Amino acid sequence: MENLSHSSLLFLDYFFLVFHSLYCLFAMFGWMWRKTRFVHLITSLLTLFSWLVIGIWYGLGYCFLTDLHWDVRMALGNPPKSNSYIHFLIRETTGFNLPVALVDQAVVLVFSACFLLTISLNLIEYKKKRRNALKRK
């Protein structure tokens, strides 16, 4: 990160802010639309992989997007005041400084509900397609 210009770092800071926020919103709502359900399942599995598998080495709940964004902010001399991306977003956008543990628990609950929904809806969709394919034969 040290080799990047200040303007490149600023671009990356805004890029991560927008991309990661949209990724989080997609994680919450991507299961709702039939056309995005499979992509939602894949992104949910990527999130779980980061949190649980990569998290074995970097700490449970590790997010590589957060890590990259924090590297950019450190290089800008503007370190984040939270280890949790959602906690950071809430503080930055609303000024509320909620307890990190509460935010983390809410993230896990919301993610778990959305993950169960995406698995269920993808299985239902898969079974429908399979049934329709068998009827055509």
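Let's start with Tyr 58. Its relative accessibility is 58%, so Tyr 58 counts as exposed. Keep in mind that this is a predicted model. Now, a word on rings. A pair of aromatic rings is described by the distance of the centres and the angle of the planes.

How many aromatic pairs does a search of the whole structure find? Ten. Take Phe 15 and Phe 16. The ring centres of Phe 15 and Phe 16 lie 5.5 Å apart, with the planes at 65°, so this pair is edge-to-face. Is Phe 16 buried or exposed? Phe 16 is buried, at 9% relative accessibility. Phe 15 comes out at 38%, so Phe 15 is partly exposed.

Back to Tyr 58, then. Tyr 58 pairs with Tyr 62, and this aromatic pair is stacked. The two tyrosine rings sit 4.7 Å centre to centre, with 25° between the planes. Why stacked? Stacked needs planes under 30 degrees apart, and the angle for Tyr 58 and Tyr 62 is 25°. Tyr 62 has 15% relative accessibility, so Tyr 62 counts as buried. Remember that Tyr 58 counts as exposed.

Which residues form it? Phe 11, Phe 15, Phe 16, Phe 19 and Tyr 23. So Phe 15 and Phe 16, our edge-to-face pair, both belong to that cluster.

Next, salt bridges. The count comes to two.

Here is one of them. Arg 73 bridges to Asp 13, and the closest N and O atoms are 3.4 Å apart. Where do these partners sit? Arg 73 is in helix H3, residues 64–75, and Asp 13 is in helix H1, residues 6–29. So the pair ties together parts that are 60 residues apart in sequence. Arg 73 is buried, with 7% relative accessibility. Asp 13 is buried as well, with a relative accessible area of 10%.

Here is the other. Arg 34 and Glu 125 meet through their side chains, 3.2 Å from N to O. Arg 34 lies in the loop between H1 and helix H2, which spans 37–58, and Glu 125 lies in helix H5. Is Arg 34 buried or exposed? Arg 34 is exposed, with a relative accessible area of 55%. Glu 125 counts as buried, at 18% relative accessibility.

Now the surface. Charge comes up here. Lys 127, Lys 128, Arg 131 and Lys 135 gather in a patch of positive charge. Take Lys 128 as one of them. Lys 128 lies in helix H5, residues 100–136. Its relative accessible area is 37%, so Lys 128 is partly exposed. A patch residue needs over 30% relative accessible area and no salt bridge, so Lys 128, at 37%, clears the area cut-off.

The surface also has a nonpolar patch. Its members are Val 18, Leu 22, Leu 25, Met 28, Phe 29, Met 32, Trp 33 and Val 110. Together they have about 730 Å² of accessible area. Which element gives the most to the nonpolar patch? H1 does, with five residues.

Met 32 is also in that patch. Where is its place? Met 32 sits in the loop between H1 and H2. Met 32 is partly exposed, at 39% relative accessibility.

Methods
Residues are numbered from 1 along each chain as its sequence is written. This is a predicted model: local features need pLDDT of at least 70, side-chain atom pairs count only at pLDDT 80 or more; totals for chains, interfaces and linings use all residues. Side-chain values use heavy atoms; hydrogens and water are left out. Patches are made of residues with over 30% relative accessible area and no salt bridge: like charges are joined within 9 Å, nonpolar side chains (Val, Leu, Ile, Met, Phe, Trp, Tyr) within 5 Å. Accessible areas come from the Shrake-Rupley method with a 1.4 Å probe; for residues, only the protein chains shown count as cover. A salt bridge is a side-chain nitrogen of Lys or Arg within 4 Å of a carboxyl oxygen of Asp or Glu. Lys and Arg count as positive and Asp and Glu as negative; His and the chain ends are not counted. The place of a charge is taken as NZ of Lys, CZ of Arg, CG of Asp or CD of Glu. Helices (H or I, at least four residues) and strands (E, at least two) are DSSP runs, numbered from the N terminus. Buried means under 20% relative accessible area, exposed over 50%, partly exposed in between (1.4 Å probe, protein chains only). Rings of Phe, Tyr and Trp (its six-membered ring) pair if their centres lie within 6.5 Å; planes under 30 degrees apart count as stacked, over 60 as edge-to-face and the rest as tilted.
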